[in-house]
Amino acid sequence: MLASLAGGVGAAKFLAGLVRAVDPADLVVVGNTGDDDEFHGLLVCPDLDSVTYTLAGASNQTLGWGLEGETFACLDALDRYKDDTWFRLGDRDLATHLFRAERRRAGASL
């Protein structure tokens, strides 16, 4: 068993390489939750999401965060209401946070 600490985009890239050299079943990742925060009523876990998206091959390589092919229609609509939109949550990324909220209400941990 191998344990790795992970926080952010750099750790996500490191883990993407590590799982090519080590059986993922033998790897435990301890993810940083220190940057977690609530936006628009949803818990956002940027470091956990960066690791998840990268390992799934779905991360946005251009931006370095979020999902590939992301759009921001929902955030743009919130901006019209003068809601705080500095933290750029994409439409597909919002689905992650909605799903996380549902799972946590059902008793799942992060």
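Is Phe 87 buried, partly exposed or exposed? Phe 87 counts as partly exposed, at 22% relative accessibility. Bear in mind that this is a predicted model. My notes follow.

1. Aromatic pairs. The structure holds 3 aromatic pairs. Take Phe 39 and Trp 86 to begin with: the ring centres sit 5.7 Å apart with the planes at 70°, so this pair is edge-to-face. Phe 39 belongs to strand S3 and Trp 86 to the loop between H3 and H4, so the pair ties together parts 47 residues apart in sequence.

2. The stacked partner. Phe 39 also pairs with Phe 87, and here the centres are 4.4 Å apart and the planes at 15°, so the pair is stacked. Phe 87 is in the loop between H3 and H4 while Phe 39 is in strand S3, so this pair links parts 48 residues apart in sequence. Put together, Phe 39, Trp 86 and Phe 87 make one aromatic cluster.

3. A charge over a ring. Have a look at Arg 88 too: it lies over the face of Phe 72, at 4.8 Å from the ring centre.

4. Helix H2. This helix runs over residues 46–55 and is mostly covered, with 7 of its 10 residues buried. The buried ones are Asp 47, Leu 48, Asp 49, Ser 50, Val 51, Tyr 53 and Thr 54, so you'll find both Asp 47 and Asp 49 in that list because each falls under 20% relative accessible area. The cover includes strand S1 (2–6), helix H1 (8–21), strand S2 (27–31) and helix H4 (91–105).

5. Ser 50 up close. Ser 50 lies in helix H2 and counts as buried at 11% relative accessibility. Setting aside neighbours within four places in sequence, Ser 50 is in contact with Gly 8, Val 9 and Ala 12.

6. The largest pocket. Its volume is about 230 Å³. The lining includes Leu 48, Asp 49, Thr 52 and Tyr 53, along with Thr 96, Phe 99, Arg 100, Arg 103 and Arg 104. Ala 108, Ser 109 and Leu 110 are also among the lining residues. H4 gives the largest share, 5 residues, and H2 and H4 each supply at least two. By class, that lining has 5 nonpolar, 3 polar and 4 charged residues.

7. The second largest pocket. This one has a volume of about 170 Å³ and is lined by 13 residues, of which Pro 46, Trp 65, Gly 66, Phe 87 and Asp 93 lie nearest its centre. Here the largest share, 4 residues, comes from H2, and again H2 and H4 each supply at least two. The lining divides into 7 nonpolar, 3 polar and 3 charged residues. Note that Phe 87, from the aromatic cluster, turns up in this lining.

8. Backbone spots to check. Most residues other than glycine have a negative phi. His 40 has a positive phi, near 55°; it lies in the loop between strand S3 (37–39) and strand S4 (42–44) and is partly exposed at 31% relative accessibility. Lys 82 also takes a positive phi, near 65°. Lys 82 lies in the loop between helix H3 (73–80) and H4 and is exposed, with a relative accessible area of 73%. Just after H2, Gly 57 has a positive phi of about 70°.

How values were computed
Residues numbered from 1 in each chain as written. Predicted model: local features only at pLDDT ≥ 70, side-chain atom pairs only at ≥ 80, totals over all residues. Heavy atoms only, no water. Buried < 20%, exposed > 50% of the residue type's maximum accessible area, 1.4 Å probe, protein only. Contact = heavy atoms within 4.5 Å. 1 Å grid on protein atoms, 1.4 Å probe; cavity = no way out; pocket = protein on both sides within 12 Å on 5 of 7 lines; lining within 4 Å. Points joined across faces, edges and corners; volume = space filled by probe spheres on them. Nonpolar A, V, L, I, M, F, W, Y, C, P; charged D, E, K, R; others polar. Phe/Tyr/Trp six-rings, centres within 6.5 Å; stacked < 30°, edge-to-face > 60°. Lys NZ or Arg CZ within 6 Å of the ring centre and 35° of its normal.
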